[in-house]
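Subject: Structure for your review

Dear colleague,

Please find below the structure that I am handing over to you. My notes on what was found in it follow directly after.

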Amino acid sequence: MSIPMPTSETEGIRLHVTPFRPEAVIGALGLPTLLQLVPSPKSQENQQALKHASGTLRRHAEVRGLVQRMLRSTSKGRNVASYAGYMAAGVKGDLGAAWSTPPVTLWLGSQLASIGEELVAGTGMRTVSIAPGSPVVAIDGETQVAAWHELYDSPERYGLTIDALTRIRVPFELFWGLDVKEARQIFYDRNVEGITVAKNLAMSMDQRDFGTRLAHLVIDAVRIERDGESVPFGKFVETRGRQLKASSPEVVTLSALRVLVVCTLFGRAGLTRSGSTLRDEELPEGVTAEQATRRLVPLLSTVISTLREHFLARSAVSAPAVLAGIGIAAHQATGWATTGGTLTEDELLQLLSTVRWEREASYWHGVAASANAKGTLNFAGGAKDAGGRVADAIVHPESQYGRRIRGR
């Protein structure tokens with residue numbers, strides 16, 4: 001006499017999802033579940049470890065290799081630790097609500113084990129299951145997955161606990177029923193078709209960047225007279241784009257004003273610092289964030305107010321290279337300059353008042369711009385290329401470039 005076997009029930013990892021295409025769903029899953037579904041990309045590139053790994057893990061590594069790039073010895077791999085640090089800070093509450101990671105895009109290299117009935121009529125929400133050992137690869141967001149593994153493997157290193165990590169929910173989208181070529185195409189589309197945000201523009205949106213915060217404070221401190229009315233200077237600052245459009249009312253970009261701020265903080269060293277994120281603890285030696293704010297906001301707001309007519313005329317003063325030069329000169333009036341001598345605020349303003357700011361080749365060709373055969377100026381060289389020359393021309397009126405920008 002034999003015992004009856006239990007009713008067949010699908011085994012596997014169950015996910016609550018909402019479809020957005022017949023073979024693609026979105027949802028959120030617990031971090032431990034994500035890490036169970038998607039093994040560590042770092043471990044899958046360790047050939048010695050793979051020799052002793054289970055067949056399931058080796059097969060997963062093979063599938064991953066078909067649709068993903070390498071982490072080891074690449075900028076992507078080097079970014080894992082810093083990404084983990086960012087996410088740890090977010091989990092601990094250090095960043096408040098202003099932190100985010102994008103949904104992870106997963107590809108199941110086989111079919112779903114089961115698709116349940118609709119949980120709530122009309123919503124499409126269902127429970128699906130993935131069979132144990134099925135290869136699931138992050139075709140977009142893999143650096144994030146690697147960083148989550150980093151946190152889970154060494155939580156104490158980042159000031160976290162396993163208990164805190166197990167409570168995390170990670171948004172995802174899941175594709176299945178795709179062959180390798182189609183998965184590769186999604187990888188390409190996500191990583192190439194989108195337009196990468198320019199680094200300077202991205203930093204101008206970073207409210208944890210001290211240079212960006214200070215630039216906003218300077219902008220907010222300035223009001224200018226136009227058509228008999230006092231208007232906030234912020235109305236004339238382009239905050240969304242890296243370049244000005246001929247038809248737009250803005251006269252200067254936020255990223256260019258950030259260059260002015262950073263060069264005022266650091267002097268010539270600001271030329272190399274303007275392209276990287278600036279944290280509060282990275283200010284010049286002996287200068288606190290409070291001191292920098294207290295000095296630079298009134299100093300630079302006075303400079304901008306003094307040059308307001310030239311800004312409104314879209315003269316050379318709005319070019320990043322010229323603003324960098326003004327910043328380097330203004331650094332001499334901060335009180336913490338260690339090279340290049342010192343200036344009083346009045347001396348700085350006097351030097352600026354003698355400059356010809358019109359966009360004319362006779363003043364700016366070879367200093368901050370280059371002119372074509374017709375005399376049309378191009379300021380595209382950038383702050384790093386020309387900022388130092390502009391500063392020298394401002395501070396040394398009798399130099400070759402100093403006389404040129406003064407029309408002498």
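In these notes, a residue is called buried under 20% relative accessible area, exposed over 50%, and partly exposed in between. Please bear in mind that this is a predicted model.

**Aromatic pairs**

Searching the whole structure gives five aromatic pairs. One of them joins phenylalanine 20 to phenylalanine 175 in an edge-to-face arrangement, with 6.0 Å from centre to centre and 85 degrees between the planes. This pair connects distant parts of the chain: phenylalanine 20 belongs to strand E1 (residues 13-21) and phenylalanine 175 to strand E7 (residues 169-176), 155 residues apart. Phenylalanine 20 has a relative accessible area of 38% and is therefore partly exposed, whereas phenylalanine 175, at 3% relative accessibility, counts as buried.

Phenylalanine 233 and phenylalanine 311 make another pair; because their planes stand at 75 degrees, with ring centres 5.7 Å apart, this pair is edge-to-face. Phenylalanine 233 is located in the loop between strand E9 (229-232) and strand E10 (237-238), while phenylalanine 311 is part of helix H14 (residues 308-312), so the pair ties together parts that are 78 residues apart in sequence. Phenylalanine 233 and phenylalanine 311 are both buried.

Two further findings concern aromatic residues. Tyr83, Tyr86 and Trp99 together form one aromatic cluster.

**Packing of two helices**

Helix H5 (residues 75-92) packs against helix H6 (residues 142-153) at an angle of about 65 degrees, and their axes are 8 Å apart. The crossing of H5 and H6 is right-handed. On the H5 side, the residues in contact include Lys76, Tyr83, Met87 and Val91; on the H6 side, they include Glu142, Gln144, Trp148 and Leu151. The residues of this contact divide into ten nonpolar, three polar and three charged.

**A positive phi**

Which residue has a positive phi although it is not a glycine? The residue is arginine 314, with a phi of about 55 degrees. Most residues other than glycine have a negative phi. Arginine 314 is found in the loop between H14 and helix H15 (320-331). With a relative accessible area of 24%, arginine 314 is partly exposed.

Yours sincerely,

A colleague

Definitions and conventions:
Residues are numbered from 1 along each chain as its sequence is written. This is a predicted model: local features need pLDDT of at least 70, side-chain atom pairs count only at pLDDT 80 or more; totals for chains, interfaces and linings use all residues. Side-chain values use heavy atoms; hydrogens and water are left out. Rings of Phe, Tyr and Trp (its six-membered ring) pair if their centres lie within 6.5 Å; planes under 30 degrees apart count as stacked, over 60 as edge-to-face and the rest as tilted. Helices (H or I, at least four residues) and strands (E, at least two) are DSSP runs, numbered from the N terminus. Buried means under 20% relative accessible area, exposed over 50%, partly exposed in between (1.4 Å probe, protein chains only). Axes are lines fitted to C-alpha atoms, for helices over the stretch in contact, and angles run from 0 to 180 degrees between N-to-C directions. A crossing is left-handed if the near helix is turned anticlockwise from the far one by less than a right angle, and right-handed if clockwise. Contact means heavy atoms within 4.5 Å. Ala, Val, Leu, Ile, Met, Phe, Trp, Tyr, Cys and Pro count as nonpolar, Asp, Glu, Lys and Arg as charged, and the others, Gly among them, as polar.
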